[in-house]
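Let's take a walk through this one together. Have the sequence and the 3D view open, and we'll go from the whole chain down to single residues.

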Amino acid sequence: MASVPNLSRVVKEKLKQNGSDRLSLVDIDISNDMLEYIVSMIDSPEEIKNVVLERNGLSSGSSVARLIHTFPNLTELSVRRNDLTSEGFDDLCRALEVHDNLTHVDLSRNKLKDEQVETLFNALSLGSTVRHLNLRDNLLTGDCAMTITKMLMSRSCHLESLDLGVNRLGDSGALALAAYLECADCTLTHLTLDTNSITMVGAQSLATALTKNHSLKFLSITDNQLGDYGIQALEDALEQNRQLQELAVRGNHSILAHTSI
């Protein structure tokens, strides 16, 4: 863990390198308490718009929440790969709910569980400004996808991009998200579902949704088990969907031909 004098020097150097509006602290092993000290060191918190706190071993959402409250003009926040626990996670969610400018949030690779993300989406559905959310590589299941879908349908949650890749959504999760994609009020333009053990069943539901969706521009469903029929269903849906600009299906093992697309 960095000492206080060394940390002061590091923060000053980072601000000088990245500009006064970006604070990037990656892989320097700062503690939750140390993060609060860092925040107190910033001379002009209103200038900070982008904060990156990747690979630091942060576990408490409370310290991250205080950081969010301190930077009123923050628009992008990455807390990737920090193993956030349930401790203080409610505080983090409340901070995301009330912040006036935060639009991009990356919580990937934190081993988040269903109940944590359910709390997060409850907060986002109360009028949050967050539009781009990365939840890649956590521990989310199909049940969580159902909750996410319910919150997205609330019309108060206006996400434009959502990355749920490398989780455990399965076909039940794909079916739930497909239900939202069919909604006339769907706001998603980018959806990532890579590596979620989705089969032909989930692919066919997504394909049906694509024939009715008018917002999605990018869908990635790589490294699943869609099979020939699942891939074909998605490709056929593109004939009726002129909005989708990119469909990524590589790495899907074919059940019939034992090949990879």
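**A walk through the chain**

Of the 261 residues in the protein chain, 49% count as buried, where buried means under 20% relative accessible area with a 1.4 Å probe, protein chains only. Before going on, keep in mind that this is a predicted model, in which local features need pLDDT of at least 70, side-chain atom pairs count only at pLDDT 80 or more, and totals for chains, interfaces and linings use all residues. Residues are numbered from 1 along each chain as its sequence is written, and side-chain values use heavy atoms, with hydrogens and water left out.

How big is the whole thing? The C-alpha trace spans about 60 × 35 × 30 Å along its principal axes. A compact globule of 261 residues would have a radius of gyration near 18 Å, and the chain's 20 Å agrees with that; the radius is taken over C-alpha atoms, and the globule rule is 2.2 Å times the number of residues to the power 0.38.

Now for the parts. The chain has nine helices and nine strands, which are DSSP runs numbered from the N terminus (helices are H or I, at least four residues; strands are E, at least two). The nine strands make an open sheet in the order 1-2-3-4-5-6-7-8-9, with parallel pairing; two strands pair if DSSP finds at least two bridges between them. At the edges sit strand 1 (22-24) and strand 9 (246-248), each pairing on one side only. Strand 1 is joined to strand 2 (residues 50-52) by three bridges, and Ser 24 has Val 52 as its bridge partner there.

Leaving out residues up to four places away in sequence, Leu 135 touches residues including Phe 121, Leu 140 and Leu 162, where contact means heavy atoms within 4.5 Å.

Finally, find Gly 61, which lies in helix 3 (residues 61-70). Is Gly 61 buried or exposed? Gly 61 is buried, because its relative accessible area is 0%. Not counting residues up to four places away in sequence, Gly 61 touches Leu 84, Glu 87, Gly 88, Phe 89 and Leu 92.

How values were computed:
Buried < 20%, exposed > 50% of the residue type's maximum accessible area, 1.4 Å probe, protein only.
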